[in-house]
Structure formats: C-alpha cells, structure tokens
Amino acid sequence: MSHLMCEEEIHVEISPDVNNELWIGEMLITINSKQTHKKRFFCLVHEIGHYTLRRKREFKMRFPEDYVKEEKQKRTKQFVVDTLREEVLAWEEGLNYAEGLGIDFDMDSYNRQRTAALYKYIEWAVLK
Ligand SMILES: [Zn+2]
C-alpha cells in the first residue's frame, strides 16, 4: 500500500483560497494555508487516506457505483452514510500510510483533529 505514492505523482497545492480536498481526477490535493503547519500536515495525511482508499480495487465493490463516480448526488441515506464511511476510513488509511513511512507525529493532536473533523461530518449527516 505504501508504494502507491511512488508509482504516481500527486500534486499538492497549498493556498488560502482552497479547501482541504482530494481531486482524484486531477491527481491533486489542495490544502488550505490558513491553518497551522500541524493541521495542514494532518489534513494532507487525511487526503492521502482518501486517495489510497479510492485507488484500492475493493473501493468500487464496497461503495455503490453512483457514490464512487463522485457526481453531484442527492442527499439520500445511502449517500450520507457512505460519506461518513469514507471519512472514517480515510483518517485510518492516512494514518496507516504515514506510519508505514515511519513518520512520527503527535498522535494526541491527530486524534483531536480527526475527532473534530468527523464530528462536523456527523453534524452534517444528522442536521438538515
Ligand atoms: Zn475527508
């Protein structure tokens, strides 16, 4: 898994005008620069998690086809739940990736940022 990044080139744009986001079609990760360096790094780890997740063959089997396509979707229960599933998995995948590289970082901070990010998604999921 940790070899994925060596085979393909992903560009990272760090700018004040972008969201923390993976643009898989463009092989681009955007990271907002109006955050501390630590937060930027954890966001990057998380977006790499999205990337490794979506590059796995089983992603298409474990998530429905219309979800994988990344088209603008209706807010169905399936879409909301699958979004949460992917977000949780991306935090874990990113951590696996960074640990696989032997990168040592502040786990307490990572856990706090993950909790805050996932909590926002949970609020998004339950509030209309
Ligand atoms: Zn995410």
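**Overall fold and packing**

The model described here is predicted. Its secondary structure comes to six helices and three strands.

Taken along the principal axes, the C-alpha atoms fill a box of roughly 40 × 35 × 25 Å. A compact globule of 128 residues would have a radius of gyration near 14 Å, and the protein, with 15 Å, agrees with this. Of the 128 residues, 20% count as buried. Among contacts between residues at least 6 apart in sequence, 53% join residues at least 24 apart.

The strands come next. They form an open sheet of three strands in the order β1-β3-β2, with mixed pairing. Because β1 (11–15) and β2 (21–23) stand at the edges with a single partner strand each, one side of each is left without a neighbour in the sheet. Neighbouring strands are turned by 20° against each other on average, direction ignored. The pairing of β2 with β3 is antiparallel and extends over three bridges; Leu22 has Ile29 in β3 as its bridge partner. Helix α2 lies across β1, β2 and β3, and runs at about 155° to β3.

With 24 residues, α5 reaches 34 Å from its first C-alpha to its last, close to the 34 Å expected at 1.5 Å a residue. Its buried residues are Glu86, Glu87, Ala90, Trp91, Glu93, Gly94, Leu95 and Ala98. The buried residues of α5 pack against α2 and α6. After α5 comes Gly102, with a positive phi near 80°.

The last helix to consider is α6, which spans residues 107–126. Its 20 residues reach 28 Å from the first C-alpha to the last, close to the 28 Å expected at 1.5 Å a residue. Helix α6 is hardly covered, however: two of its 20 residues are buried.

Terms used: Residues numbered from 1 in each chain as written. Predicted model: local features only at pLDDT ≥ 70, side-chain atom pairs only at ≥ 80, totals over all residues. Helix = DSSP H or I, 4+ residues; strand = E, 2+ residues; numbered from the N terminus. Expected span 1.5 Å × (residues − 1). Buried ≥ 20, exposed ≤ 12 C-beta atoms within 10 Å, placed from the backbone. Contact = placed C-beta atoms within 7 Å. Rg over C-alpha atoms; globule rule 2.2 N^0.38 Å. Pairing = 2+ DSSP bridges. Axes fitted to C-alpha atoms, helices over the stretch in contact; angles between N-to-C directions.
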